[in-house]
Amino acid sequence: MMLATTIFAQEDLKPEFEVKVITSVESIIPDGLGRSRLISANDKRDYKKFTSTQTEDDNTRNTSKRKDIRVKDFEETKLLNFYNVTGIRFQNIAANDAVISSKLTTMISEGWDLIFVTSAVESDSGEKDGNGIFITRYIFKRKID
């Protein structure tokens with residue numbers, strides 16, 4: 001009888017942790033023309049609804065609509081661009097650091113643990129390319145009550 005109870009209990013297991021991703025997008029477009037933001041989704045998505053498995057026998061593609069994936073309930077915090085009309089603006093970088101630190105401190109005080117940070121850059125690749133962003137993803141987890 002104990003074995004049956006144990007097997008049944010395992011079927012009802014819920015995840016112990018939840019994960020949250022916060023993304024900062026900082027513009028590195030000259031003349032201060034870009035947009036910089038700290039983004040945090042409030043809405044949840046189940047990735048399984050937007051995933052298909054491809055096999056040799058079945059290569060049916062997932063037919064999810066982009067509008068179903070798109071999140072409209074999110075928090076957007078304004079950040080400053082790295083550049084202004086005179087060039088790189090170190091005060092803007094310091095201001096962004098202060099705002100991002102505030103967000104991270106709030107997340108930690110709400111029980112989230114910062115477990116991973118990753119960043120990337122798409123930068124100016126020549127005379128005719130005036131675009132670029134610096135993106136950082138902060139990945140948190142916390143125990144579900």
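Ser-27 lies in strand S1. Ser-27 is buried, at 1% relative accessible area; buried means under 20%, exposed over 50% and partly exposed in between, with a 1.4 Å probe and protein chains only. This is a predicted model, in which local features need pLDDT of at least 70 and side-chain atom pairs count only at pLDDT 80 or more, while totals for chains, interfaces and linings use all residues. Residues are numbered from 1 along each chain as its sequence is written, and side-chain values use heavy atoms, without hydrogens and water.

**Chain overview**
- The chain has three helices and seven strands. Both are DSSP runs numbered from the N terminus: helices are H or I with at least four residues, strands E with at least two.
- Along the sequence, the order is α-β-β-α-β-β-β-α-β-β.
- The chain has 145 residues, and 21% of them count as buried.
- Contact means heavy atoms within 4.5 Å. Of the contacts with a separation of 6 or more, 65% join residues 24 or more positions apart.

**Around Ser-27 and Asn-81**
- Beyond its neighbours within four places in sequence, Ser-27 contacts Gly-34, Arg-35, Ser-36, Asn-81, Phe-82, Tyr-83 and Gly-132.
- Asn-81 sits in the loop between S3 and S4. Asn-81 counts as buried because its relative accessibility is 12%.
- Asn-81 and Asn-96 are 15 residues apart in sequence. Their C-alpha atoms are 8.7 Å apart.

**Aromatic pair**
- The count is one aromatic pair. Rings of Phe, Tyr and Trp (its six-membered ring) pair if their centres lie within 6.5 Å; planes under 30 degrees apart are stacked, over 60 edge-to-face, and the rest tilted.
- Phe-82 and Phe-134 form this tilted pair, at 6.2 Å centre to centre and 40 degrees between the planes.
- Phe-82 lies in the loop between strand S3 (74-79) and strand S4 (83-84) and Phe-134 in strand S7, so the pair ties together parts 52 residues apart in sequence.
- Phe-82 is buried at 13% relative accessibility. Phe-134 is partly exposed at 28%.

**Ile-88**
- Ile-88 is in strand S5 (residues 87-88). At 43% relative accessibility, Ile-88 is partly exposed.
- Leaving out residues up to four places away in sequence, Ile-88 touches Phe-82, Tyr-83 and Ile-93.
- Ile-88 and Pro-30 are 58 residues apart in sequence, yet 8.1 Å apart from C-alpha to C-alpha.

**Largest pocket**
- The largest pocket has a volume of about 720 Å³. On a 1 Å grid over the protein atoms alone, a pocket is an open set of points where a 1.4 Å probe fits, with protein on both sides within 12 Å along at least five of seven lines; lining residues have an atom within 4 Å of a point. Points are joined across faces, edges and corners, and the volume is the space filled by probe spheres set on them.
- The lining of the largest pocket has 22 residues; closest to the centre are Val-21, Ala-41, Asp-43, Lys-44 and Arg-45.
- Strand S1 (17-27), strand S2 (36-41) and strand S7 (133-143) are the elements that give two or more residues to this lining. S1 gives the most, with six.
- The lining divides into 10 nonpolar, three polar and nine charged residues. Nonpolar covers Ala, Val, Leu, Ile, Met, Phe, Trp, Tyr, Cys and Pro; charged covers Asp, Glu, Lys and Arg; the others, Gly among them, are polar.
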